[in-house]
Amino acid sequence: MNFLLSIAFVLCWSSGFIGAKLGAGSASAVTILMWRFLPLAVILIGIATVSGTSWRGLAVRDVARQAMIGVLSQSGYLLTVYYAIQLGVSSGTTALIDGVQPLVAGALAGPLLRQYVSRKQWLGLCLGASGVAIVTMADAAAGTGAAWWAYLIPFLGMFSLVAATFLESRSRSRVAPAVSMTVHCATSAVIFTALAVSSGVAKPPAELSFWAAITWLVALSTFGGYGLYWLILRRSGVTKVNTLMFLMAPVTAVWGALMFGEPFGPQTALGLAIGLAAVVVVYYGDISATRVCARDMDTGEASKPAKFGA
């Protein structure tokens, strides 16, 4: 996989946790998410209406599948992340909990997708989990004042994103990225608008910081992080795209320390180093596996056995 593409994905995805923290001070989670997706959905639907090329021949079941993926990967995932941060869970800790995702995805990739994880890749996954654990303990020791049950909420989002990842990977028909992005954002816009209106928090605040956070989230998180996630997933498979998730927690912790003064010490630095090592082990442990996976995904043969390594 292109090294620069991976770096861009890590930075853009991590920016979502920072953007959520930026907006949390001026509005509720539902308000932020409504105004993140509503204008974006209107723009994307307008573009789709004018162009229409990528939508030709698209079956209703394909649109329905993409809508379900959007519910899981955007609505469910983001609502839990934003709500946890609103409750006081630090952006770094929220990203840390998401760091468990690669192990869950790696364990399920074999039986569900027949994308088997090699011994080298399991070594990298376990190494990454160790890095996440180190940073988690450092963050927990610092203390954030959030209730204990608030730390369980991001786990729901993590499982929601894993479910969306496998639902997309098991799809036999390939949908253009512009189409999937439009469906996902439109679905999220409907859900979050309904939630905001029903709870009486649809009106956006007048603070400039709120709109700065919205612009940040749309440009970096939605188009950058979310778009690159599905692009890398299709090119390199579940295990490798999820291995990059090990880097989100340390990167977010560094970012949060610089912007918000969140705690960052030697343990966090060690976790970052271990996370980087984990990515190297998984990505470069077996170069041929990358080529096989990319070829199978391009030819629509992802359902056939494609072992990653020995």
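Eight aromatic pairs are present in this predicted model, where rings of Phe, Tyr and Trp (its six-membered ring) pair if their centres lie within 6.5 Å, and where planes under 30 degrees apart count as stacked, over 60 as edge-to-face and the rest as tilted. The protein has 13 helices and zero strands, these elements being DSSP runs (helices H or I of at least four residues, strands E of at least two) numbered from the N terminus. Because the model is predicted, local features need pLDDT of at least 70 and side-chain atom pairs count only at pLDDT 80 or more, while totals for chains, interfaces and linings use all residues. Residues are numbered from 1 along each chain as its sequence is written, and side-chain values use heavy atoms, with hydrogens and water left out.

**Aromatic pairs**

- Tryptophan 13 and tyrosine 229 form a tilted pair, with 5.3 Å from centre to centre and 35° between the planes.
- Since tryptophan 13 lies in helix H1 (residues 3-24) and tyrosine 229 in helix H9 (residues 208-236), this pair ties together parts that are 216 residues apart in sequence.
- Both tryptophan 13 and tyrosine 229 are buried, a term for under 20% relative accessible area, with exposed meaning over 50% and partly exposed in between (1.4 Å probe, protein chains only).
- Tryptophan 35 and tryptophan 211 make an edge-to-face pair, 5.9 Å centre to centre with 75° between the planes.
- Tryptophan 35 belongs to helix H2 (residues 29-51) and tryptophan 211 to helix H9, so this pair links parts that are 176 residues apart in sequence.
- Tryptophan 211 counts as partly exposed because its relative accessibility is 33%.
- One aromatic cluster is formed by Phe9, Trp13, Tyr77 and Tyr229.

**Nonpolar cores**

- A nonpolar core is a set of buried Ala, Val, Leu, Ile, Met, Phe, Trp, Tyr and Cys residues joined through side-chain atoms within 4.5 Å.
- The largest nonpolar core holds 56 residues, of which Phe9, Trp13, Tyr82 and Tyr229 touch the most other members, and H9 gives the most to this core, with ten residues.
- Apart from its neighbours within four places in sequence, tyrosine 82 is in contact with Gly16, Ala20, Ala29, Ile32, Leu33, Arg36 and Leu217, contact meaning heavy atoms within 4.5 Å.
- A second, separate core of five residues includes Val89, Ala146, Ala150 and Ile153.

**The largest cavity**

- There are two cavities of 30 Å³ or more, a cavity being a set of points, on a 1 Å grid over the protein atoms alone, where a 1.4 Å probe fits but cannot get out, and lining residues having an atom within 4 Å of a point.
- The largest cavity has a volume of about 160 Å³, and of the 14 residues that line it, Trp13, Gly16, Arg36, Tyr77 and Leu78 are the closest to its centre.
- H1, H2, helix H3 (60-86) and H9 are the elements that each give two or more residues to this lining, and H3 provides the largest share, six residues.
- By class, the lining of the largest cavity has nine nonpolar, four polar and one charged residues, where Ala, Val, Leu, Ile, Met, Phe, Trp, Tyr, Cys and Pro count as nonpolar, Asp, Glu, Lys and Arg as charged, and the others, Gly among them, as polar.

**Threonine 94**

- Threonine 94, found in helix H4 (residues 91-98), counts as buried because its relative accessibility is 0%.

Terms used
On a 1 Å grid over the protein atoms alone, a cavity is a set of points where a 1.4 Å probe fits but cannot get out, and a pocket is an open set with protein on both sides within 12 Å along at least five of seven lines; lining residues have an atom within 4 Å of a point. Grid points are joined across faces, edges and corners, and a volume is the space filled by probe spheres set on the points.
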